[in-house]
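I opened this model to look up its sheet, its charged pairs and its local confidence. The entries below follow the order in which I checked them.

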Amino acid sequence: MFKLLRRRSQKLTQCAFNQYCCSFSENAELKDKLVETSPEKPAIRLKSLNQKKRTEVTKEDLVWRTPWHQKNVEYYSTLRTFYTEDNQISLLKWIQQPIDLSPASIKNWYNRLKEQREKILQRYIPDRHSILGPELACAHFIVYRGGAVKFHNDDKWIKAVNGEYSLPNRYRTDMYLQAIDCSNTSLRYEGLDNLRGLQNVEWLSLNGCEHIDDYCMDVITNIFSHSLVYLDIRNIFSISERGLGALYKMNHLKMLYLDDMLKDTRYELTCLLLEELNSALEIKSDVVKFEIE
């Protein structure tokens with residue numbers, strides 16, 4: 001029995017030794033081929049072969065999974081009708097909130113609906129500007145919302161009376177706005193695009209426009225930086241020293257009316273810097289009374 005076991009162990013060791021010799025001979029042949037092809041850097045070739053054994057990662061594996069609404073599948077065209085980019089977040093929030101039918105809640109809902117409607121109505125309309133031109137289109141936009149405008153070579157202010165006003169309905173080459181009065185109007189950020197393209201507006205009043213803020217001031221300074229001389233931003237509590245600092249772009253500005261220059265240290269320093277940058281600028285906080293006929 002012991003002899004039989006000894007023979008089996010000898011056979012197993014002989015087989016293992018033969019396999020090892022075969023693998024060693026294959027590696028030796030591979031090394032010889034690598035030396036023949038590139039005798040200078042055989043180690044680098046061996047390293048590259050070892051790296052190929054690893055799993056190769058392509059660019060497609062590194063791309064993030066695309067959302068379902070961006071995949072071109074069969075149901076894409078159908079569901080796209082009911083799908084928006086915000087994924088109806090406002091609707092989901094409204095569903096998760098408890099039902100509140102109190103008078104205060106209904107009033108807040110109505111105010112939000114009214115605000116959204118006003119933003120939509122003040123958007124830029126390309127057809128209006130293509131028909132009337134930028135000057136008359138801006139005049140219609142301002143007068144319709146309770147403001148007043150004045151043209152060059154004309155001493156009269158145009159303002160709506162009982163919702164009626166007289167302005168041309170077609171493009172005129174001889175009418176250029178000189179002054180715009182938006183006092184106590186509901187002018188918003190979305191409506192400022194209607195003021196672009198004006199040639200020579202020298203006078204602008206935003207007195208009492210509660211929706212004007214620092215972002216609006218940045219847009220206004222870009223629009224009227226080449227011509228504005230007079231600016232009134234009193235009774236606007238959303239303008240901070242940041243929005244006031246945007247006035248440095250207006251090189252022709254000579255008169256600026258504010259509520260109170262000394263209401264804040266940073267606000268006061270911003271006013272002093274503006275006067276230092278523009279020597280012709282005069283900042284006042286006096287009450288100005290004028291009447292538009």
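**Entry 1: the sheet**

I began with strand E1 (residues 148-151), which is joined to E3 by 4 bridges and runs antiparallel to E3. In this pairing I found Ala 148 opposite Asp 181 of E3. The model is a predicted one, and I read the entries that follow with that in mind.

Next I looked up the other pairing of E3. Strand E3 (residues 177-181) and strand E4 (residues 203-205) are parallel, with 3 bridges between them. I noted Trp 203 in E4 as the bridge partner of Ala 179. As a reminder to myself, strands of a sheet pair through backbone hydrogen bonds, in either the parallel or the antiparallel sense.

I then traced the whole sheet. The sheet is open, has 7 strands in the order E2-E1-E3-E4-E5-E6-E7, and shows mixed pairing. Strand E2 (158-159) and strand E7 (282-284) are at the edges with a single partner strand each, so one side of each has no neighbour in the sheet.

Is E3 enclosed or open to the outside? I checked its burial: 5 of the 5 residues of E3 are buried, so the strand is largely enclosed by the rest of the structure.

I looked for positive phi outside glycine and noted two asparagines. Asn 153, in the loop between E1 and E2, has a positive phi of about 60° although it is not a glycine. Its relative accessibility is 85%, so I logged Asn 153 as exposed.

Asn 162 sits in the loop between E2 and E3. Its phi is also positive, near 60°, in a residue other than glycine. With a relative accessible area of 79%, Asn 162 is exposed.

**Entry 2: salt bridges**

I listed the salt bridges and got 9 for the structure. Side chains of opposite charge can pair when their charged atoms come close.

Arg 188 forms a salt bridge with Glu 115, with 3.6 Å between the closest N and O atoms. The two are 73 residues apart and link distant parts of the chain: Arg 188 is in the loop between E3 and E4, and Glu 115 is in helix H6 (residues 103-121). I wanted the burial of both ends. Arg 188 has 10% relative accessibility, which is under 20%, so it counts as buried. Glu 115 has a relative accessible area of 33% and is partly exposed.

Which residues does Arg 266 pair with? One partner is Glu 241, where the closest N and O atoms are 3.8 Å apart. This pair also links distant parts of the chain, 25 residues apart, with Arg 266 in helix H10 (residues 265-277) and Glu 241 in helix H9 (residues 241-245). Arg 266 is exposed at 53% relative accessibility, whereas Glu 241 is buried at 17%. Another partner is Asp 264, whose side chain meets that of Arg 266 in a salt bridge at 3.9 Å, N to O. Asp 264 is partly exposed, with a relative accessible area of 29%.

I then checked for shared partners.

**Entry 3: a nonpolar patch and a buried histidine**

I looked for nonpolar side chains on the surface. Ile 99, Leu 101, Ile 106, Trp 109, Tyr 110 and Leu 113 make up a nonpolar patch, with about 740 Å² of accessible area together. I picked Ile 106, which lies in helix H6, and found it partly exposed with a relative accessible area of 43%.

For contrast I looked up His 140 in helix H7 (residues 126-144). His 140 counts as buried at 12% relative accessibility. What does His 140 contact, leaving aside neighbours within four places in sequence? I found Leu 132, Tyr 165, Leu 167, Pro 168 and Asn 169.

**Entry 4: confidence**

Last, I checked the pLDDT. The protein averages 78, and 67% of the residues score at least 70. Over residues 33-46 the pLDDT stays under 50, and the model has 7 contacts beyond four places in sequence for them. Where pLDDT is low, the predicted coordinates should not be read in detail.

How values were computed:
Residues are numbered from 1 along each chain as its sequence is written. This is a predicted model: local features need pLDDT of at least 70, side-chain atom pairs count only at pLDDT 80 or more; totals for chains, interfaces and linings use all residues. Side-chain values use heavy atoms; hydrogens and water are left out. Two strands pair if DSSP finds at least two bridges between them. A salt bridge is a side-chain nitrogen of Lys or Arg within 4 Å of a carboxyl oxygen of Asp or Glu. Buried means under 20% relative accessible area, exposed over 50%, partly exposed in between (1.4 Å probe, protein chains only). Patches are made of residues with over 30% relative accessible area and no salt bridge: like charges are joined within 9 Å, nonpolar side chains (Val, Leu, Ile, Met, Phe, Trp, Tyr) within 5 Å. Accessible areas come from the Shrake-Rupley method with a 1.4 Å probe; for residues, only the protein chains shown count as cover. Contact means heavy atoms within 4.5 Å. pLDDT is the predictor's confidence in each residue, from 0 to 100.
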